[in-house]
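Thanks for asking me to look this over with you. Have the chain open beside you and pick out each residue as it comes up.

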Amino acid sequence: ELDVLLLPFLEEVYRDLPEEDQQKYHRLLDNEDQDLFNWFMRKSCPEDPETAYMVDMILNRVQPS
């Protein structure tokens with residue numbers, strides 16, 4: 001399920017990100033799958049601001065409102 005969000009972002013956006021944001025993306029992936037799922041389903045928000053920034057970026061790029 002997470003692949004539906006993460007793979008398009010990786011393929012379409014990741015390579016154009018500044019290195020700092022690429023590092024944030026890698027740190028995001030270090031989190032537990034259940035946490036990632038809850039964040040991407042907007043059931044909860046990451047406490048870490050950089051993680052929250054990356055979750056929002058992925059959601060806005062893959063599922064624009």
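1. Ground rules. This is a predicted model, in which local features need pLDDT of at least 70 and side-chain atom pairs count only at pLDDT 80 or more, while totals for chains, interfaces and linings use all residues. Residues are numbered from 1 along each chain as its sequence is written, and side-chain values use heavy atoms, with hydrogens and water left out.

2. Helix 1 against helix 4. Start with helix 1 (residues 3-12) and helix 4 (residues 49-62), which pack at an angle of about 85° with their axes 10 Å apart. Helices here are DSSP runs of H or I with at least four residues, numbered from the N terminus. Axes are lines fitted to C-alpha atoms over the stretch in contact, and angles run from 0 to 180 degrees between N-to-C directions. The angle makes helix 1 roughly perpendicular to helix 4, a label for angles of 65 to 115 degrees.

3. Who meets whom there. From helix 1, Val-4, Leu-5, Leu-6 and Phe-9 meet Met-54, Met-57, Ile-58, Leu-59, Arg-61 and Val-62 of helix 4; contact means heavy atoms within 4.5 Å. By class, this contact of helix 1 with helix 4 has 9 nonpolar, no polar and 1 charged residues. Nonpolar covers Ala, Val, Leu, Ile, Met, Phe, Trp, Tyr, Cys and Pro, charged covers Asp, Glu, Lys and Arg, and the others, Gly among them, are polar.

4. Helix 2 against helix 4. The axes of helix 2 and helix 4 cross at roughly 95° and come within 9 Å, and the two helices are therefore roughly perpendicular to each other. The contact of helix 2 with helix 4 has 7 nonpolar, 1 polar and 4 charged residues.

5. The rings. How many aromatic pairs are there? The count comes to 2, where rings of Phe, Tyr and Trp (its six-membered ring) pair if their centres lie within 6.5 Å, and planes under 30 degrees apart are stacked, over 60 edge-to-face and the rest tilted. Phe-9 and Tyr-25 are stacked, at 5.7 Å centre to centre with 25° between the planes. This pair links Phe-9 in helix 1 to Tyr-25 in helix 2 (residues 19-29), 16 residues apart. Tyr-14 and Tyr-25 are tilted, at 5.4 Å and 55°; Tyr-14 lies in the loop between helix 1 and helix 2. Phe-9, Tyr-14 and Tyr-25 form one aromatic cluster.

6. The core. The largest nonpolar core has 17 residues, and among those with the most contacts inside it are Phe-9, Tyr-25 and Phe-40. Such a core is a set of buried Ala, Val, Leu, Ile, Met, Phe, Trp, Tyr and Cys residues joined through side-chain atoms within 4.5 Å. Its largest share, 5 residues, comes from helix 4. Leaving aside neighbours within four places in sequence, Phe-40 is in contact with residues including Leu-2, Leu-28 and Val-55.

Conventions
Angles under 35 degrees count as roughly parallel, over 145 as roughly antiparallel, 65 to 115 as roughly perpendicular and the rest as oblique. Buried means under 20% relative accessible area, exposed over 50%, partly exposed in between (1.4 Å probe, protein chains only).
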